[in-house]
Amino acid sequence: EMREKKINISDYAMDMMKSKDFMVLKETEDAILIRLKVGDLGFPKNKYPTTDEIYRRIEELGLELCPPETGLVYRLKYMNQPMGEWFRIGMKQIAVRYGYPHVFRLARAGGGLWLRGPWTYPGDGWGPDGGFIFRLRKLKNLKT
């Protein structure tokens with residue numbers, strides 16, 4: 001479907017999709033996705049938080065990591081992405097080529113729409129403009 005829509009897929013994103021760690025949910029789920037910049041997460045202005053620190057903060061805010069398939073589904077739905085815009089899917093990293101950890105990144109550049117798989121190390125520092133998508137934590141049913 002991505003090829004039909006002329007979406008570019010990087011080699012790393014393709015490796016991620018072929019990885020044993022890329023699993024698709026057994027049942028379809030509705031999810032509320034939240035797109036935030038690192039600067040929206042309340043870190044001090046002079047702090048460049050790591051990926052792990054960002055992931056801990058989003059849990060405090062009632063958000064959670066997305067399942068990996070979110071990158072593919074969102075890429076297919078977000079066809080009018082503005083030129084020059086990019087953001088990562090907040091997800092558990094998938095180690096592929098050379099063991100480097102990757103997440104999906106959606107971008108639009110001169111070559112068109114992209115699904116990429118850039119390195120995203122747990123200790124990487126992020127500036128305030130770095131963008132991520134997370135999902136609103138599902139409420140658990142309480143039994144009385």
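K5 is partly exposed, at 35% relative accessibility; partly exposed lies between buried, under 20% relative accessible area, and exposed, over 50% (1.4 Å probe, protein chains only). Its partner in a salt bridge is E1, with 3.7 Å from N to O. A salt bridge here is a side-chain nitrogen of Lys or Arg within 4 Å of a carboxyl oxygen of Asp or Glu. E1 itself counts as exposed because its relative accessibility is 56%.

This is a predicted model, in which local features need pLDDT of at least 70 and side-chain atom pairs count only at pLDDT 80 or more, while totals for chains, interfaces and linings use all residues. Residues are numbered from 1 along each chain as its sequence is written, and side-chain values use heavy atoms, with hydrogens and water left out.

By the salt-bridge rule the count is eight.

| Salt bridge | N to O distance |
|---|---|
| E1 and K5 | 3.7 Å |
| D15 and R97 | 2.8 Å |
| K47 and E53 | 3.0 Å |

In the second pair, D15 forms a salt bridge with R97. This pair links distant parts of the chain, 82 residues apart: D15 sits in helix α1 (residues 11-18), and R97 in the loop between β5 (94-95) and β6 (101-102). Helices (H or I, at least four residues) and strands (E, at least two) are DSSP runs, numbered from the N terminus. D15 is partly exposed at 22%, and R97 is partly exposed at 31%.

K47 and E53 form a further salt bridge. K47 has a relative accessible area of 31% and E53 one of 21%, so K47 and E53 count as partly exposed. Elsewhere, salt bridges that share partners join E29, E64 and R135 into one network.
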